[in-house]
Amino acid sequence: MKQGIKKAVGSLFFSAGLIALLVVLSMIFIPKNNMKAFGMEDVPANGILGEKADTIDVVIVGDSESYSSFSPMQMWEQQGFTSYVCGTPGQYLYQSETFLEKAFENQKPSVVVLETNAIYRKMSPSAAVMNTVENMFSIFRYHDRWKSMGSDDFLKPVNYTWTDDMKGYRYNNAVDQAPTKEYMIPTDQAAPIEALNEEYVKNMAEFCRENGVAFLLVSTPSTVNWNYSRHNGIEALAKEYNIPYIDMNLMRQEIPIDWTKDTRDQGDHLNHSGAVKVSSWFGKFVKEKFSLKDRRQDSSYSQWNDALGRYKKTVGEV
Amino acid sequence: MAMDSYYSIAYLALFLPLVIVVYTLFPKKGRWAVLLGSSLIFFWCISGKLVIYLLASIVSIHYGGIWIALLGTHKDERIRLAAETQGGPTKKELRKIYQKKQMAVTAGIALFNVGLLLFLKYTPFFMGNINRLLAALKIPAALEIPAMAVPIGISFYALQAVSYIMDVYWGKIPAQGNICRLALYMCFFPRLIEGPICRFKEMDEQLFNGERIHFDNLVRGSQRIVFGMMKKLVVADRLNLFIKNVYENPGQYDGGVIAMGAVLYTCQLYMDFSGTMDIVLGTGEIFGIQLPENFRQPFFSKSISQFWQRWHITLGTWFKDYIFYPVSMLRPMKKLTSFGRKHVGNYYGPLLSGGCALFCVWLCNGLWHGSGWNYIFFGMYHFALIFGAQIFEPAAAKICKVLHIPRKSVAWGTVRIVRTAALVCVGEMFFRAHGLKAGLGMFVNMVTNFTFASVKDGSLFQIGMDKKDFLIVAVAVLIVFINSILKEKSIDPREWLGKRGLPVRWGLCYGLILFVIIFGAYGVGYVPLDPIYAGF
């Protein structure tokens with residue numbers, strides 16, 4: 001019996017020691033700044049970490065559809081509120097949730113948008129578990145940094161300083177027209193949503209509710225990824241959890257996407273001219289709907305005006 | 001949840017701990033049922049409905065074994081009756097009649113199981129070859145090659161099925177009346193994907209006993225699992241970055257890089273397979289089940305024959321027991337041996353029949369590894385090396401004597417070890433190459449275009465792995481090497497560790513765990529290598 005207790009206590013101490021080591025190593029291995037040179041992953045999306053505290057009004061998460069469709073700088077120029085796209089290629093909902101939680105550590109946005117294409121991306125439960133482990137111990141996410149680590153990693157604290165002039169938007173002006181324009185053919189069928197995905201949407205909605213933030217589901221235009229059956233699926237989901245839903249694929253009057261000009265890859269993603277149309281309508285809508293402030297004259301947001309100049313140069317408006 | 005290998009989060013963090021907990025909570029009598037249930041769930045998670053093939057194999061050997069036993073009882077009964085009455089067949093005749101019947105049942109069951117394996121694994125290969133033949137003969141016809149879904153571990157459990165039925169036939173074991181015990185023997189989850197290939201006699205009691213989980217077993221098993229993870233995640237998966245590039249585009253590299261690719265692939269294969277075996281045997285150890293070892297420091301072998309007694313041991317012994325000996329014992333083989341002894345002497349005489357049996361073994365060995373001509377070549381390559389060594393042994397002994405080479409010296413032993421390793425690496429190069437033609441091309445390139453240019457100009461470190469990658473692989477290989485030396489000296493590294501003081505014990509355990517976490521090739525930018533032997 002005594003031996004048994006001794007062994008149990010020993011195991012507990014061993015596990016505690018291991019956890020302590022993982023915590024220490026996580027502190028060492030986490031990138032000390034949010035730039036690629038420091039080992040940061042998904043740099044454009046993580047640019048939000050370098051934004052001044054409590055300065056972002058709208059946070060957008062999702063996959064490539066999100067960073068191809070929403071241009072925060074254009075919405076800033078036209079409406080005067082701040083937004084950031086934490087979108088990454090092929091983003092899974094567990095990643096969306098992680099981005100959201102990270103953003104909320106330093107920001108108090110008024111609106112959160114989830115681009116709905118990620119809801120139909122099948123997730124591996126193992127990968128979702130691993131993502132949770134990585135969130136708890138960043139050594140698992142950044143272990144490969146051992147090759148490029150220096151003394152600063154051991155001595156300096158985390159200090160995110162980099163901001164993205166595009167605010168997560170990825171500019172692309174290529175044109176490759178879509179073969180199909182009529183892709184929203186009405187049907188009563190609803191594309192089924194995986195239970196795990198539904199759980200993540202529910203959790204994100206709950207998270208926003210707890211933080212007093214509006215949560216929106218938005219389907220951006222895409223002839224390849226979207227159809228009426230998916231629209232029905234998301235509409236049912238939105239109804240079940242009482243989440244507002246906007247499907248831009250059905251808003252041809254408000255957002256007149258020309259599929260011969262506004263896509264860069266045959267309807268899969270919008271190009272810059274498509275993003276301009278989406279951002280024009282969405283900026284106006286979200287500002288009015290949620291009474292977002294116009295901050296263009298606010299001196300504490302002067303960096304946004306500076307970034308706007310550089311953004312315009314990049315997109316060829318200057 | 002995707003549970004496709006022993007390295008998946010689902011297996012290590014969920015399935016295995018859950019089975020351990022449920023197993024512990026169950027009374028001793030019912031623990032075998034926990035192992036069987038979890039094994040079937042494990043199989044279902046990977047192969048789904050293909051479980052039907054596994055069940056068919058289990059049912060076949062169960063009823064086959066009972067049939068053989070019944071024939072044996074019937075034979076004894078008739079012999080007893082024959083002794084009491086007169087005029088019927090003699091004892092000898094009865095024995096012969098029943099032996100034939102038993103042999104027919106055994107052959108039928110063995111063929112059924114091997115047939116399933118052949119059908120599922122080799123149909124595309126055979127049909128592809130028929131199509132090539134038709135094309136060569138300019139016959140305008142082609143067979144449609146079906147996409148076959150192969151149940152996980154069939155190459156391993158099919159051989160276990162054959163060994164069971166043959167052991168029952170040979171009277172080594174009694175037929176097992178409890179189909180659940182047979183099912184557990186066939187599909188025990190830790191050994192399901194990559195073996196080892198077990199024998200019913202050595203596994204049945206252990207699996208059925210329901211031994212309680214001892215703390216020491218849990219610790220020792222976990223240590224072995226982490227060590228296996230190091231081999232796989234730090235070495236095998238990291239080497240994949242280099243190996244994939246070299247074998248995908250062998251024409252782009254000089255002979256030096258190809259030689260490096262051959263050596264590193266051999267290293268990868270060893271680390272992948274022996275790492276998995278560490279996880280398998282470690283898991284078994286947790287449940288107090290001693291599964292047979294599949295490796296015994298193979299790179300300390302002084303000959304190819306010795307190598308195969310140390311590498312994938314359970315496959316080698318299976319081929320020895322169920323192919324080599326039965327073929328050697330065939331009447332024509334016995335006649336051939338007698339003929340040989342008369343005409344070429346007592347050394348070379350038995351080699352004739354031995355060579356035939358050896359040829360069968362290596363043809364089967366090559367084919368077992370995969371359906372492709374490069375695998376058959378791989379088998380024939382090792383057959384030629386082993387058989388050639390046997391033929392030239394007297395000559396080699398004489399040459400050493402004339403040249404005054406002390407054959408038992410350390411230096412000569414080292415030369416033999418290096419030579420064996422080099423020959424193994426060449427064989428593995430053919431094994432990994434995309435087809436026999438590519439393998440031959442790589443071999444010619446390696447021999448005719450061998451340079452150190454890639455090391456000198458640094459291009460070696462731009463083929464997927466940089467200098468730091470090579471360094472970390474070297475450190476991990478060194479750890480495995482030290483572990484192997486200890487084992488060669490009959491020192492159990494874990495027993496040694498268990499006797500150290502707490503700081504050393506915990507320090508080394510923490511060190512190994514963190515070494516895997518930091519230097520493992522997983523996460524963004526890495527594609528985990530599919531367990532190589534699971535595909536065979």
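User: Between which helices of chain B is the loop that holds B:Pro196?

Analyst: B:Pro196 sits in the loop between helix H6 (179–187) and helix H7 (200–209) of chain B. Helices here are DSSP runs of H or I with at least four residues, strands are runs of E with at least two, and both are numbered from the N terminus. The model is a predicted one, in which local features need pLDDT of at least 70 and side-chain atom pairs count only at pLDDT 80 or more, while totals for chains, interfaces and linings use all residues. Residues are numbered from 1 along each chain as its sequence is written, and chains are lettered from A and ligands numbered from 1 in the order in which they are written.

User: What makes the peptide bond between B:Gly195 and B:Pro196 cis?

Analyst: Its omega is about 10°, and the bond joining B:Gly195 and B:Pro196 is cis. Most peptide bonds are trans, and most residues other than glycine have a negative phi.

User: Which values of phi do B:Lys138 and B:His404 have?

Analyst: For B:Lys138 phi is near 55°, a positive value in a residue other than glycine. B:His404 also has a positive phi, near 55°, and is not a glycine. B:Lys138 lies in the loop between helix H4 (91–136) and helix H5 (154–169) of chain B. B:His404 is found in the loop between helix H13 (373–402) and helix H14 (410–432) of chain B.

User: What makes strand S2 of chain A mostly covered?

Analyst: Five of the five residues of S2 (residues 83–87) are buried. On one side these are A:Ser83, A:Val85 and A:Gly87, and on the other A:Tyr84 and A:Cys86, which covers both faces of S2(A).

User: How many bridges join S1 and S2 of chain A, and do they run parallel or antiparallel?

Analyst: Strand S1 (residues 58–62) of chain A is joined to S2(A) by five bridges, and the two run parallel. Pairing requires at least two DSSP bridges, so these strands pair. One of the bridges links A:Ile60 with A:Val85 in S2(A).

User: What makes chain B as compact as a globular protein of its length?

Analyst: Chain B has 19 helices and zero strands. Its radius of gyration is 26 Å, close to the 24 Å that the globule rule gives for 536 residues, so chain B is as compact as a globular protein of that length. The C-alpha atoms of chain B fill a box of roughly 90 × 65 × 60 Å along the principal axes. Of its 536 residues, 38% are buried.

User: Which residues touch the most other members of the largest nonpolar core?

Analyst: They are B:Ile165, B:Leu184, B:Met186 and B:Cys187, in a core of 130 residues. Helix H9 (residues 255–286) of chain B gives the most to this core, with 17 residues. Such a core is a set of buried Ala, Val, Leu, Ile, Met, Phe, Trp, Tyr and Cys residues joined through C-beta atoms within 7 Å. A second, separate core has 56 residues, including A:Tyr67, A:Tyr84, A:Val111 and A:Ile257.

User: How many residues does each chain give to the contact between chains A and B?

Analyst: Chain B gives 18 residues and chain A gives 19; contact means C-beta atoms, placed from the backbone, within 7 Å. On the side of chain B that touches chain A, seven residues, the largest share, come from H19(B).

Note on methods
Buried ≥ 20, exposed ≤ 12 C-beta atoms within 10 Å, placed from the backbone. Contact = placed C-beta atoms within 7 Å. Rg over C-alpha atoms; globule rule 2.2 N^0.38 Å.
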